[in-house]
Amino acid sequence: MPAITEHIGLVYHSDALKKRAALLMDRFDIPRCPATPESGFYLELNEYGLALCQAGPHMPGPVRIDFVGGTMGHRQRFGAGRGQPLARAVGMKPGFNPDIWDATAGLGRDGFVLASLGCHVTLCERSPILAALLHDALLRAADDSSIGAWVGDRLRLVNADSGRQLQSLAEAQRPQVIYMDPMYPAGKVHVEVKKDMRALQQIVGPDLDSGELLDIALRAALRRVVIKRPKRAGFLHDRKPDTSIESKKTRYDIYVTL
Ligand SMILES: C[S@@+](CC[C@H](N)C(=O)[O-])C[C@H]1O[C@@H](n2cnc3c(N)ncnc32)[C@H](O)[C@@H]1O
């Protein structure tokens, strides 16, 4: 499915949100929508935060990133901890938390889990819409009394193309681990696509350049590159990893660069 190329605007209905909306529009170059549109995607800022909405009959509800409550908050409080496949894939060990460049941040779920387990994570996302949602979610999380301190310390957002950023890093800035979860072309694998992922697929489309990103990542990572794939999918760019770790629906392909 091709990406939506129309410009997605931001709508807000309360003067109290004017300053926050202006900061978001300015930072992520998002135009203002004077009124709720009648069709298509738009961003809405209200007292609960920023959400990606779809106007029209029978459309799914808003997509909002919430690191404090909801599934993410639950996963952080009661999740499988450092033994889970994601943590093992990036090489977490007792007393060792690698610093990670999440090259395809998306809705920030994997990056957030890794940070909650102790890693310093750079969330790099090239879509300004996704980056604005992440930025707003990080601000809300940083304000939370239970997770705010480590969120502020361990998570950082970059709105840019990871390939370009990784190529311009100085030697001392190279991350130990680069994590990639590129958008899989829709329809190739039968997975139950949830509302938020469906919206994401429509906004950004398939990541057709992920093979090039892998080449760049392999040169930039000090220890390893980890690629998340649907369990039955082939290797990215037919490039055989050094090893893989599997969970129920997912496979993490690990390319050692040490
Ligand atoms: C499948 S989603 C990632 C989901 C994410 N792992 C999560 O836990 O929410 C892929 C995301 O990577 C972003 N992306 C793909 N290639 C990128 C690149 N070269 N630089 C930055 N972001 C990229 C896409 O815009 C999309 O939002």
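Which residues are buried in H9? In this predicted model, the list runs to Ser210, Gly211, Leu213, Leu214, Ile216, Ala217, Leu218 and Ala220. Put another way, 8 of the 11 residues of helix H9 (residues 210–220) are buried, so the helix is largely enclosed by the rest of the structure.

Of the 258 residues in the protein, 50% are buried. The accessible surface comes to about 13,300 Å², and carbon and sulfur atoms account for 50% of it. Contacts tell a story about the chain, too: if we take those with a separation of 6 or more, 64% of them join residues 24 or more positions apart. The ligand comes next. Around it sit 21 residues, and those that come nearest are Leu107, Asp110, Glu125, Ser162 and Asp181. What kinds of residue make up this shell? They divide into 10 nonpolar, 4 polar and 7 charged. Two helices, H4 (109–116) and H8 (195–204), each supply at least two residues of the shell. The largest share comes from H8, with 3 residues.

For Asp110, a backbone N or O atom lies 2.9 Å from an oxygen atom of the ligand. For Arg126, a backbone N or O atom lies 3.2 Å from a ligand nitrogen atom. A polar backbone atom of Ser162 is 2.8 Å from a nitrogen atom of the ligand. How much of the ligand's accessible area does the protein cover? On its own the ligand has 610 Å² of accessible area, and the protein covers 98% of that.

Is Ser127 buried or exposed? Its relative accessibility is 9%, so Ser127 counts as buried. Leaving out residues up to four places away in sequence, Ser127 touches Asn159, Ile203 and Val204.

Trp150 is found in helix H6 (residues 148–154). With a relative accessible area of 14%, Trp150 is buried. Trp150 and Cys119 are 31 residues apart in sequence, and their C-alpha atoms are 10.0 Å apart in space.

Thr250 brings us back to strand E10, where this threonine is found. Thr250 has a relative accessibility of 14%, and it counts as buried because buried means under 20%. Which residues is Thr250 in contact with, once its neighbours within four places in sequence are left aside? They are Lys228, Arg229, Lys231 and Ile245. Ile30, by contrast, sits 220 residues from Thr250 along the chain, and the C-alpha atoms of the two are separated by 34 Å.

Most residues other than glycine have a negative phi. His58, though not a glycine, has a positive phi of about 60 degrees. Where does His58 lie? It is in the loop between strand E3 (49–55) and helix H2 (70–78). His58 is exposed, with a relative accessible area of 82%.

His237 is the other histidine, and it has a positive phi of about 60 degrees without being a glycine. This residue lies in the loop between E8 and strand E9 (243–246). At 57% relative accessibility, His237 counts as exposed, since the term applies over 50%.

Methods: Residues numbered from 1 in each chain as written. Predicted model: local features only at pLDDT ≥ 70, side-chain atom pairs only at ≥ 80, totals over all residues. Heavy atoms only, no water. Near = heavy atom within 4 Å. Polar contact = N/O pair within 3.5 Å; in protein donor to acceptor, adjacent residues only side chain to side chain. Areas by Shrake-Rupley, 256 points an atom, 1.4 Å probe, with all protein chains shown as cover. Helix = DSSP H or I, 4+ residues; strand = E, 2+ residues; numbered from the N terminus. Nonpolar A, V, L, I, M, F, W, Y, C, P; charged D, E, K, R; others polar. Buried < 20%, exposed > 50% of the residue type's maximum accessible area, 1.4 Å probe, protein only. Contact = heavy atoms within 4.5 Å.
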